[in-house]
Amino acid sequence: MPGIFGPGALILWALVGVSFVIAWRHHDGRHVRGSRRGLDMLLVNGPRICVAILGAGFISQILPQDVVAAWLGEGAGWRGIVIGCAVGPFFPGGPLVIMPLVLALLKAGAGVPALIALLTTASTFGVHRILMFEIPMMGSRFTALRLLSSLAIPPLTGLFAAALVQALGPPALGH
Amino acid sequence: MRGPRRSLAAEAFGTSFWVLAAIAGLAGWAAWELKGTDAVGSALSSDFDIVVFLLPRMIGGMMLAGLVQAILPPDLVARWVGEESGLRGIVIASVVGGLTPGGPMTSFPIVVAFYMSGADRGALVAYLTGWSLLGFQRILVWELPLLGPEFTLYRMAVVATLPVLAGLLARRIPLGPVGPEKETGMAEARPGRRR
């Protein structure tokens, strides 16, 4: 297991320290409000994240690894990116649903380009959010304009991610 | 302070916790049925490693998310958009989108307010794209703890410039006037112009 306090965690905590000092220098209790808000988020989301990790671990055991690797793996190339793009929009429920699913697929052998493409379409083309928020609040013509402007984004993320993985190797997971 | 604390616990162990727990239970049972005890054991030990590895990052990520919200309240940040045009306007809208905390219940009222305060279509599209691809709260609260720092950095590097691209394209797509079709009653959500 890589070090628990690796460079990533140190940078993160340095950022926490810097923003705490910035908040404190306002002298209006922002540092307390902000820290409290962070703790609240931790209390609310910590238990959910733990069960999500647990579920994702089991699901990755059940998923047929050879199938996942063949269709979504690094070697699947374009096909993996296209599948990722195609299924992304149909997951309702935001990060609570999509992040554990991506973790399970990652552990079962899916490649980073396909998963980044999936996360991209889930957040930019999420059907649920478009129907519930965007069309009612911004109108269908604005929605069409935004979707047209974003059409190239998911395949581009898949391609960029594939290039990045080729240059730097796949990212390390926390295990 | 008992009230808010108790409602936090209620939220933490609300429906979504139990749904996730039920899924985990079912998947655990299925893994045990299909693959046997060893599979369950190896899943548990790898989950434990992930939790131990991610705990300091998860706590740090959420503290950072809370502090950033305290330093940059959304209504202050909102004033930066709409006052700028050109490429600068689109870049600022993308960044502001990434700085907007929360889900669609926060970002859509803000985008309606931008529209009403005269932001152009490029800025509106860039804002929503920036929020959905780079929203810091989702990254710090969900992506970093679950998928780990390296995956998160890869994804951020990959999507970093794309909100700007979407905004630039939106200005060039010939599609009549865009905007809410009817009064949405969001006027009170207009970003604070206190002065």
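1. Helices (H or I, at least four residues) and strands (E, at least two) are DSSP runs, numbered from the N terminus. With that in hand, chain A reads α-α-α-α-α-α-α-α-α along its sequence, that is, nine helices and zero strands. Chain B has ten helices and zero strands, in the pattern α-α-α-α-α-α-α-α-α-α.

2. A word on what you are looking at. This is a predicted model, in which local features need pLDDT of at least 70 and side-chain atom pairs count only at pLDDT 80 or more, while totals for chains, interfaces and linings use all residues. Residues are numbered from 1 along each chain as its sequence is written, and chains are lettered from A and ligands numbered from 1 in the order in which they are written.

3. How confident is the predictor? The model scores ipTM 0.80 and pTM 0.78. For chain B, the mean pLDDT (the predictor's confidence in each residue, from 0 to 100) is 81, and 85% of the residues score at least 70. Within chain B, helix 10 has the highest confidence, at 95, and helix 4 (residues 74-78) the lowest, at a mean of 67. Please read residues 182-195 of chain B with care: the pLDDT there is below 50, and this stretch has 18 contacts in the model beyond near neighbours in sequence.

4. Next, the overall build of each chain. The C-alpha trace of chain A spans about 55 × 50 × 30 Å along its principal axes. A residue is called buried if 20 or more other C-beta atoms lie within 10 Å of its own, exposed if 12 or fewer, and partly exposed in between, with C-beta atoms placed from the backbone. By that rule, 50% of the 175 residues of chain A count as buried, and 46% of the 195 residues of chain B. Two residues are in contact if their C-beta atoms, placed from the backbone, lie within 7 Å. Among contacts with a separation of 6 or more, residues 24 or more positions apart account for 78% in chain A and 81% in chain B.

5. Chain A is split into domain 1 (1-62) and domain 2 (63-175); these bounds come from an automatic or database domain assignment. The C-alpha centres of the two domains lie 24 Å apart. Ten residues from domain 1 of chain A and nine residues from domain 2 of chain A take part in their contact. On the domain 1 side, six of the touching residues are nonpolar, three polar and one charged. In this grouping Ala, Val, Leu, Ile, Met, Phe, Trp, Tyr, Cys and Pro count as nonpolar, Asp, Glu, Lys and Arg as charged, and the others, Gly among them, as polar.

6. Helix 8 (residues 140-150) of chain A is worth a look. Which of its residues are buried? They are A:Phe142, A:Leu145, A:Arg146, A:Ser149 and A:Ser150. Seen down the axis of helix 8 of chain A, these fall within an arc of 125°, so they line one face of the helix; the arc is that of the directions from the helix axis to the C-beta atoms. Their packing partners are helix 6 (112-124), helix 7 (127-138) and helix 9 (153-168) of chain A, together with helix 7 (121-134) and helix 10 (162-172) of chain B.

7. Finally, two single residues. A:His27 sits in the loop between helix 1 and helix 2 of chain A, and its phi is near 55°, a positive value in a residue other than glycine. A:His27 counts as exposed because it has 8 C-beta neighbours inside 10 Å. A:Arg36 belongs to helix 2 of chain A and, with 13 C-beta neighbours inside 10 Å, counts as partly exposed.
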